[in-house]
Amino acid sequence: MKFKNMSKKDKTEDIEDLENNVEETVNEATQTEEISIEDQLKEELGKEKDKFLRLFAEFENYKKRTTKERIELFRTAGQDVIQSLLPVMDDFDRAINEISKTQDQDNELLKGVELIRNKFKSTLNSKGLEEVAVEVGDVFSADDHEAITQIPAPSDDLKGKIVDVIEKGYKLGDKVIRFPKVITGF
């Protein structure tokens, strides 16, 4: 701007215009700065909210996982004790089998042993023990059975199937704690 040929009034008006422009520019900058500060605060608040929600979800998942692990621990806590009692159950089965061979002489003995065995079995069943159902003639599966030996099949329909069950298998809940020991035919 040239001020040489201008009147005093023109100079004053130009200065006022210049001051107004400066004020408007300062106001716009201040408003932009206020808006940007507000935007920054909103963005930081959004980040903190997201962080909080993620942390909360992670904590909820932790609680679910530990609850599930605790339930599983209680379910299988007695597994070692129950596994150590399985041979006793087998002995009861063998005793009943042997006593039943002499049934006419020791009928009362057989009833007594069966009573004790049934009480023992019901106690283990109440703790979650289940017998794995295996019968002669079932198809052999290496995932579900433990083959002790193979013998020539007594008939053609028993080839690749279970010929005899040597030892019963048991499950504790959904987990097999002892696979049934079987003899297969070939």
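User: Which residues line the largest cavity?

Analyst: Met 89, Lys 121, Leu 124, Asn 125, Leu 129, Glu 131 and Tyr 170 line the largest cavity. A cavity here is a set of points, on a 1 Å grid over the protein atoms alone, where a 1.4 Å probe fits but cannot get out, and lining residues have an atom within 4 Å of a point. This is a predicted model, so local features need pLDDT of at least 70 and side-chain atom pairs count only at pLDDT 80 or more, while totals for chains, interfaces and linings use all residues. Residues are numbered from 1 along each chain as its sequence is written, and side-chain values use heavy atoms, with hydrogens and water left out.

User: What volume does the largest cavity have?

Analyst: Its volume is about 30 Å³. Volume means the space filled by probe spheres set on the grid points, which are joined across faces, edges and corners. A search of the whole structure finds one cavity of 30 Å³ or more.

User: Which element gives the most to that lining?

Analyst: That is α3, with three residues. α3 (107-126) and β1 each supply at least two residues of the lining. Those names come from DSSP runs, numbered from the N terminus: helices are H or I with at least four residues, strands are E with at least two.

User: How do the lining residues of the largest cavity divide into nonpolar, polar and charged?

Analyst: Four are nonpolar, one is polar and two are charged. In this count Ala, Val, Leu, Ile, Met, Phe, Trp, Tyr, Cys and Pro are nonpolar, Asp, Glu, Lys and Arg are charged, and the others, Gly among them, are polar.

User: You mentioned β1. In what order do the strands of its sheet come?

Analyst: The order is β1-β4-β5, three strands in an open sheet with antiparallel pairing. β1 (129-132) and β5 (175-178) stand at the edges with a single partner strand each, so one side of each has no neighbour in the sheet. From one strand to the next, the twist averages 40°. Strands count as paired if DSSP finds at least two bridges between them.

User: How many bridges do β1 and β4 share?

Analyst: Four bridges pair β1 with β4 (residues 169-172), in the antiparallel sense. Within that pairing, Leu 129 stands opposite Leu 172 in β4. α2 packs on this sheet and touches β1, β4 and β5, its direction making about 55° with that of β5. Touching, or contact, means heavy atoms within 4.5 Å. Axes are lines fitted to C-alpha atoms, for helices over the stretch in contact, and angles run from 0 to 180 degrees between N-to-C directions.

User: Switching topic: what lines the largest pocket?

Analyst: Asp 90, Asp 93, Arg 94, Val 165, Ile 166, Glu 167 and Lys 168 do. A pocket is an open set of points with protein on both sides within 12 Å along at least five of seven lines. About 170 Å³ of space lies in the largest pocket. α2 (79-101) and β3 (162-167) each supply at least two of its lining residues. By type, that lining has two nonpolar, no polar and five charged residues.

User: And β3, which sheet is that in?

Analyst: β3 belongs to an open sheet of three strands in the order β2-β6-β3, with mixed pairing. β2 (146-151) and β3 are the edge strands, each with a single partner, so one side of each is left without a neighbour in the sheet. Neighbouring strands there are turned by 25° against each other on average, direction ignored.

User: How does β6 pair with β3 and β2?

Analyst: β3 and β6 (residues 181-185) run antiparallel and are joined by four bridges, whereas β2 and β6 pair in the parallel sense over five bridges. Thr 184 in β6 stands opposite Ile 162 and also opposite Gln 150. Val 182 in β6 is the bridge partner of Val 165.

User: Is β6 mostly covered or exposed?

Analyst: Mostly covered, as four of its five residues are buried. Buried means under 20% relative accessible area, exposed over 50%, and partly exposed in between (1.4 Å probe, protein chains only).

User: What about Asp 164, where is that?

Analyst: Asp 164 is in strand β3 and is partly exposed, with a relative accessible area of 35%. Not counting residues up to four places away in sequence, Asp 164 touches Val 136, Val 182 and Ile 183.
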